[in-house]
Amino acid sequence: MILAVTMNPSVDISYQVDQFKLDDVNRVEHVRKTAGGKGLNVARVIVQMGENVLATGVLGGTIGEYIIQELNKSSIPNTFLKIEKESRNCIAILHEGMQTEILETGPTLSVEEGKAFIDKYEDLLSSVSLVTISGSLPKGLPPDFYCKMVGITQGRGVPVILDTSGEALKQVLLHDEKPFAIKPNTTELSQLLGTDVNNDTNSIQQALKHAMFRGIEWIIVSMGSEGAFVRHLADDYRVTIPKIDVINPVGSGDATVAGFAVAMQREKSTETLLKTAMVTGMLNAMEAGTGSINMKKFDQYFDLVKVEKID
Ligand code: ATP
């Protein structure tokens with residue numbers, strides 16, 4: 001089973017209005033509410049791929065209860081640590097072809113809640129063979145919290161796929177115990193290194209020379225419509241994808257993580273792993289819902305993805 005961790009889940013609310021008026025009343029007819037957060041997107045796509053997953057993390061209050069209800073409705077098995085403070089809402093206002101977002105930072109956890117989560121997490125590890133950790137850390141937890149989780153997990157022989165950014169990612173990469181896999185995009189790589197990294201193979205290879213990437217088995221640098229650059233141990237690959245009709249690309253990185261995790265769980269070859277990860281990202285971009293794919297289209301796109309080893 002795959003364990004999908006989300007430490008700062010949310011209820012994602014999208015409001016569709018013809019025109020967004022500042023300093024005035026905006027009445028909304030089209031409202032969409034979903035259980036959100038990157039790790040929940042990963043879990044949803046893993047379920048849609050027919051693989052066993054357990055979603056975990058922390059949540060609280062009535063918003064937390066709503067998230068659990070939504071996960072149950074979508075048949076996503078879950079076990080979260082209940083915290084005292086309320087989980088967050090994230091609001092996207094879709095107007096005039098634009099998207100204005102209002103993102104709550106979310107609850108602050110107490111030191112005890114951080115410890116209680118680690119206890120729960122250690123218990124869960126005995127029944128899983130792969131872990132995905134996605135998204136930001138909630139306030140109150142130390143920036144090296146993911147380092148601790150990676151250390152505990154891999155110390156038990158369970159590989160971790162980590163998809164986070166900023167300080168939480170940097171702390172992990174500066175630590176000796178490296179995650180099994182990471183999936184940064186070029187913006188995240190640029191932030192991490194403080195230099196401009198673009199989609200060019202040379203630019204990415206130059207960036208990955210930094211010592212902080214040493215010892216990571218898989219580095220998947222996703223590049224939206226341009227596919228991905230992938231480093232597996234000493235081998236580099238360029239993965240190219242066909243042009244598709246994009247409806248909503250938000251969450252495609254999470255779908256890519258899910259595809260990679262499922263293919264890894266099924267012990268697929270390098271080529272199949274990379275093709276699967278790209279197709280699940282593309283399928284997400286072709287749906288209106290965030291972190292959701294239509295598996296019926298999987299085979300049709302699989303053969304159109306090209307994996308080329310770079311000499
Ligand atoms: P997010 O943070 O929204 O989850 P991300 O930046 O982590 O996204 P992307 O690189 O945008 O991840 O997308 C991951 C994968 O999804 C890509 O490698 C590609 O396979 C697919 N994908 C995303 N956007 C597009 C697009 N516009 N056209 C085709 N495929 C896409």
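How much of the chain over residues 6–292 is helix and how much is strand, and how many Å apart are the end C-alpha atoms?

**View 1. The annotated domain in a predicted model.** Over residues 6–292 the chain is 36% helix and 25% strand, with the end C-alpha atoms 16 Å apart; helices (H or I, at least four residues) and strands (E, at least two) are DSSP runs numbered from the N terminus. An unreviewed UniProt entry annotates residues 6–292 as "domain: Carbohydrate kinase PfkB", and such annotations, given in the numbering used here with shortened feature names, may be inferred rather than shown by experiment. This is a predicted model, in which local features need pLDDT of at least 70 and side-chain atom pairs count only at pLDDT 80 or more, while totals for chains, interfaces and linings use all residues. Residues are numbered from 1 along each chain as its sequence is written, and side-chain values use heavy atoms, with hydrogens and water left out.

**View 2. The contact of α1 with α8.** Lys38, Asn41, Val42, Val45 and Ile46 in α1 meet Asp254, Ala255, Val257, Ala258 and Val262 in α8, where contact means heavy atoms within 4.5 Å. By class, this contact has seven nonpolar, one polar and two charged residues (Ala, Val, Leu, Ile, Met, Phe, Trp, Tyr, Cys and Pro count as nonpolar, Asp, Glu, Lys and Arg as charged, and the others, Gly among them, as polar).

View 3. Eight of the 11 residues of α1 are buried (under 20% relative accessible area, with exposed over 50% and partly exposed in between, for a 1.4 Å probe and protein chains only), and among them are Leu40, Ala43 and Arg44. α1 is followed by Gly50, whose phi is positive, near 80 degrees.
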